[in-house]
Amino acid sequence: MEESYLELRRKLAERDRSLHEKVVSLEEAASLVKDGETVGIGGSTLSRTPMAMIFALIRAGRKRLSCARGIVSSEGDLLFASGVSDHIVTSWFSQGIVWGISKVMRHHVESRKARFDEWSHMAMGLRFRAGAMGLPFLPMRSMLGSDVLRERPEPREMACPFTGEKLLLVPALNPDVAIIHVQRCDAYGNAQIDGLQFMDIDLALAANRVILTTERIVSNDQIRRAPDQTKIPFFAVEAVVEVPFGCAPHECGGVYEPLFRHMDYYTSLVNTDPVSGMGEYLERYIYGPKSWIDYLELLGLADLLDAARRGRSIANE
Amino acid sequence: MSSSDAYTASELLAVMSSRLLKDGQVVFAGVGIPLLAATLAQALHCPGLTILFEGGVIGPIIEPGKLPPSTNEQRCTKRANMVLGSTDVLLLLQRGYVDVGFMGGAQIDQYGNLNSSYIGDPSSPKARLPGTGGGNDISSLTQMIVAMKHEKRRFVESVDFVTSPGFLRGGTTRRDAGLPAGGMYRVVTDLGIFGFDDTTKRMKVVALHPGATLEKLRDNTAFELAVEADIAVTERPAARELDVLRKLDPARLYIA
């Protein structure tokens, strides 16, 4: 992960940064991620999770991905249980507060099948920000004195050269690839994000390349009518995939809320038995369907429409 | 549960902690009891209180019956004054804009340290817990109120793992570690309200709730609580406090 500055710049310089179309299929996008790479995951908890991309990575049989996200929800279960990832770097990992502790996370971490490196939420954010700024680290004032710090070999304490205060330096995170889901973008990768941005702008600029999935691809003219809404610039993006309901059963702000009924079903299944329950879920919902659309059919039209009704109501008074 | 004669432990927690909030404060809140308490305070005695959410939200309006499932979903942004990135909302803590951090707790010790990472030895834990989230940042950078159930296994002499720092090992150890600001202010449980000694930084009894006794406290606490001569007794939850609370959470997700 500690790449030299010039190496990071070289990787950007190598890429075609012209304004060109880069729309691909979900399967083609998955093939752009290589075994063993570090992957930054956009969104947070149940929000704007690039679930379709994770679905495709699992089906493509990727191995040993090292994944980083501000807060990890059920996508972390899927990544561990499928064997796609054996290492997750995050501040919090379980399906969601209402569902208690993820037994899938517990099973993999406690049996040492996989690693869960814990950082504070702000440390995750500043690590992506340092990466986006082209700096090797940023200083911060939390994590000090805690066992969260004691468990981590990477950060360094230092005395501020100006004031003498004790500060913590956290190293930049520059993932090989970022996978981010947005409400809309154009065929060039100009991405507009509504509502919560989480760490996605820093993540996109920190990563060596970005794979965008989007609810819909819009024209470049539409992007240019509101350029202030563009949060990720096209030249950071390597590929664009249009996937409706691309976060289901999680939410995409303003478009759909989580499919709570499915999340209740999922959590009761996998938290009852993290091995056989998870196996059953993967077989039925990830390996079974012929395509993402087929997966959405399994989730069910009624639940998708209900989630969409709730999602769109955010702007209602 | 329609009269104020009866209330649940969670309702008691929410009411008692809402009374600790002051008008005009900026409160960094977790979901569950903290959010209910902050919203209750806004409705009753703190119209100018501002809620911040870790997902990146400043000043949302929480609708009764539509409590967000976490601080990272769109419901948190409803009618907010501002939405920004999560790193930036956390940096507001570091800059000093936040008066109170308000969280729930799984395990706390005599110096107010919180554990949400491991049960048992971290190198071979009995249970891996979800981790800090923003808890470490909030408790490192601002004054804290923690609301939690009072049980012996939760009130331990020393936590297995310091996820979110209180006063570390007491005295000046928090400041010496590089945390000059903030610290535990109050712990609110279903038995009473607790503060911390100015010098030793050990937990002390500030008030008992109606019906609670020092014996009951000792039976449910695995360390010695400092007890001062004058311990207050809190006023039981009022009907209007319970009414607002029950309208906020009609499905009783958090107050059951």
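Trainee: How many helices and strands does chain A have?
Mentor: This is a predicted model, in which local features need pLDDT of at least 70 and side-chain atom pairs count only at pLDDT 80 or more, while totals for chains, interfaces and linings use all residues. Residues are numbered from 1 along each chain as its sequence is written, and chains are lettered from A and ligands numbered from 1 in the order in which they are written. Counting DSSP runs from the N terminus (helices H or I, at least four residues; strands E, at least two), chain A has 13 helices and 12 strands.

Trainee: Which strands stand at the edges of the open three-stranded sheet of chain A?
Mentor: The order is β5-β7-β6, with antiparallel pairing (at least two DSSP bridges between two strands). Four bridges join β5(A) to β7(A), residues 166-171, and Phe137(A) stands opposite Pro171(A). One side of each edge strand lacks a neighbour in the sheet because each has a single partner; these strands are β5 (137-140) and β6 (156-159) of chain A.

Trainee: At what angle to β5(A) does helix α6 of chain A run?
Mentor: Helix α6(A), residues 121-133, lies across β5 and β7 of chain A. Angles run from 0 to 180 degrees between N-to-C directions of lines fitted to C-alpha atoms, for helices over the stretch in contact (C-beta atoms, placed from the backbone, within 7 Å). For α6(A) against β5(A) the value is about 145 degrees.

Trainee: At what angle do α3(A) and α4(A) pack?
Mentor: Met51(A), Ile54(A) and Ile58(A) in α3(A) meet Glu75(A), Leu78(A), Leu79(A) and Ser82(A) in α4(A). The axes are 10 Å apart. The helices are therefore roughly parallel (under 35 degrees), at an angle of about 5 degrees.

Trainee: Which elements of chain B each supply at least two residues of the side that touches chain A?
Mentor: In this interface, 42 residues of chain B are in contact with 49 residues of chain A. The elements are α3 (86-95), β9 (127-128) and α4 (135-141) of chain B.

How values were computed. Two residues are in contact if their C-beta atoms, placed from the backbone, lie within 7 Å. Angles under 35 degrees count as roughly parallel, over 145 as roughly antiparallel, 65 to 115 as roughly perpendicular and the rest as oblique.
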